[in-house]
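These are my notebook entries from a first look around. I wrote them for anyone opening this structure for the first time, so please follow along.

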Amino acid sequence: MGLIQVYTGDGKGKTTAAVGLACRARAHNLKVCYIYFHKDPDVWGYGEVKNLQRLGVDVFGFSKEHPFCKDVGTKEVRRECLKGLEFIKKDVYRQDKYDILILDEINISLRDGFLKEEEIVEILDSKPEKLELILTGRGAGDEVIKRADLVSEIKKIKHPFDENIEGREGIEY
Ligand code: ATP
Ligand code: MG
């Protein structure tokens, strides 16, 4: 049976946990699809993307820019996010070839108003029964939490960023 998991909160480790789960799943030959939102590996070279592909995970990205980092319009970001949802419904769900689907930072798409709650709820409610669905990102929506079987809130006690230590290659990205 596939469950819905949510990794949220303001501490470090949400994406890392999702990547760790993908790594573990591949060791058991489970088929994993990893979709990231609001990240551009071409700019930051997110190490996880490259290595997940090496492990045989299918990786896709949508809405790579976020207005917080780059001069990009809200409408454009929304359009890209919607493309991501269409891809999930048409390609991932209909083909039904994965055991695990990870939606990295999709909570941010909702929190920052690029997607509507009902649009994400539709993704949760229509998932194939056996598919394990993982959503990451701060500020998970109430309706998402309501539907999830597992919710972990990672709470920041300390983060080096607060001491002006910037993200380090290989550790934070
Ligand atoms: P990671 O990708 O390291 O597992 P995360 O997914 O939990 O982190 P995000 O909210 O996605 O964290 O944060 C994106 C980036 O900010 C990551 O590089 C992460 O390491 C870093 N980060 C995480 N938590 C904090 C924090 N409390 N303050 C500042 N930066 C953070
Ligand atoms: Mg993250």
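**Entry 1: the aromatic cluster**

I began with the rings and found one aromatic cluster, made of Phe37, Phe60, Phe62 and Phe87. Before going on, I noted that this is a predicted model, where local features need pLDDT of at least 70, side-chain atom pairs count only at pLDDT 80 or more, and totals for chains, interfaces and linings use all residues. Residues are numbered from 1 along each chain as its sequence is written, chains are lettered from A and ligands numbered from 1 in the order in which they are written, and side-chain values use heavy atoms, with hydrogens and water left out.

My search of the whole structure gave three aromatic pairs. For Phe62 and Phe87, the ring centres are 5.5 Å apart and the planes stand at 45°, so I logged the pair as tilted. (Rings of Phe, Tyr and Trp, the last by its six-membered ring, pair if their centres lie within 6.5 Å; planes under 30 degrees apart are stacked, over 60 edge-to-face, and the rest tilted.) Phe62 belongs to strand S3 (residues 58-62) and Phe87 to helix H4 (residues 74-95), so the pair ties together parts that are 25 residues apart in sequence. (Helices, H or I with at least four residues, and strands, E with at least two, are DSSP runs numbered from the N terminus.) I found both Phe62 and Phe87 buried. (Buried is under 20% relative accessible area, exposed over 50%, partly exposed in between, with a 1.4 Å probe and protein chains only.)

**Entry 2: Lys39**

From Glu105 I moved to Lys39, as their side chains make a polar contact (3.4 Å). (That is a pair of N or O atoms within 3.5 Å; within protein, one must be able to donate a hydrogen and the other to accept it, and residues adjacent in sequence count only if both atoms are side-chain atoms.) Lys39 is in the loop between strand S2 (32-37) and helix H2 (41-44). With 10% relative accessibility, Lys39 counts as buried.

**Entry 3: ligand 1**

I counted 13 residues around ligand 1, and Lys12, Lys14, Thr16, Glu105 and Arg138 come nearest. (Near means a heavy atom of the residue within 4 Å.) An oxygen atom of ligand 1 is 2.4 Å from a polar side-chain atom of Thr16. A nitrogen atom of ligand 1 lies 2.7 Å from a polar backbone atom of Asp10.

**Entry 4: the cysteines**

How many disulfides are there? My count came to zero. (A disulfide is a pair of cysteine sulfur atoms within 2.5 Å.) For Cys23, the closest cysteine sulfur is in Cys33, 17 Å away and too far for a bond. Cys23 is partly exposed, at 41% relative accessible area, whereas Cys81 counts as buried at 0%.
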